[in-house]
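Biologist: Hi! Could you walk me through this structure?
Modeller: Happy to, let's look at it together.

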Amino acid sequence: MGRMTLQEKIGQMVQIDHKVASADVVKNYFIGSILSGGGSVPGQKASPEEWIKMVNEYQRGSMSTRLGIPLIYGIDAVHGHNNVYNATIFSHNIGLGATR
């Protein structure tokens, strides 16, 4: 923390949506976290490989900053990973029943 500038500290506390993210945005604003909210996907019928490519590109931006702090990537997947094409989706009631 002592090595970080105020701008870097603020950037690390910020989470942006993937729709406005790029490697340059992550690098220039020291973004700490990106979220794929409901329906926020890399493209129509995106494969797992496309997801990996997208996240790796964001990581490239974060690792190229002065301190090279890795990015945290979050996905809104409460009922199963319905943002990934052909992924298994669990209905809410089944998920609740499985926890009892």
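Modeller: Let's start with a term: on a 1 Å grid over the protein atoms alone, a cavity is a set of points where a 1.4 Å probe fits but cannot get out, and its lining residues have an atom within 4 Å of a point. Grid points are joined across faces, edges and corners, and a volume is the space filled by probe spheres set on the points.
Biologist: What volume does the largest cavity have?
Modeller: About 90 Å³. The structure holds one cavity of 30 Å³ or more.
Biologist: Is this a predicted model or what is it? What should I keep in mind?
Modeller: This is a predicted model, where local features need pLDDT of at least 70, side-chain atom pairs count only at pLDDT 80 or more, and totals for chains, interfaces and linings use all residues. Residues are numbered from 1 along each chain as its sequence is written, and side-chain values use heavy atoms, with hydrogens and water left out.
Biologist: Which residues line the largest cavity?
Modeller: Among them are M4, E8, F30, I31 and R66. By class, the lining has six nonpolar, four polar and two charged residues. Here Ala, Val, Leu, Ile, Met, Phe, Trp, Tyr, Cys and Pro count as nonpolar, Asp, Glu, Lys and Arg as charged, and the others, Gly among them, as polar.
Biologist: What does I31 touch?
Modeller: Not counting residues up to four places away in sequence, I31 touches G11, Q12, V14, I16, V25, V26 and L71. Contact means heavy atoms within 4.5 Å.
Biologist: How many residues are in the largest nonpolar core?
Modeller: There are 13, and I31 is one of those with the most contacts inside it. Four residues, the largest share of this core, come from helix α3 (residues 48-63). A nonpolar core is a set of buried Ala, Val, Leu, Ile, Met, Phe, Trp, Tyr and Cys residues joined through side-chain atoms within 4.5 Å.
Biologist: New topic: how many helices and strands are there?
Modeller: The protein chain has four helices and three strands, in the pattern α-β-α-β-α-β-α along the sequence. Helices (H or I, at least four residues) and strands (E, at least two) are DSSP runs, numbered from the N terminus.
Biologist: And M63, where is that found?
Modeller: M63 is found in helix α3.
Biologist: Is M63 buried, exposed or partly exposed?
Modeller: M63 is partly exposed, with a relative accessible area of 45%. Buried means under 20%, exposed over 50%, and partly exposed in between (1.4 Å probe, protein chains only).
Biologist: Which residues is M63 in contact with?
Modeller: G68, I69 and P70, leaving aside neighbours within four places in sequence.

Technical notes:
1 Å grid on protein atoms, 1.4 Å probe; cavity = no way out; pocket = protein on both sides within 12 Å on 5 of 7 lines; lining within 4 Å.
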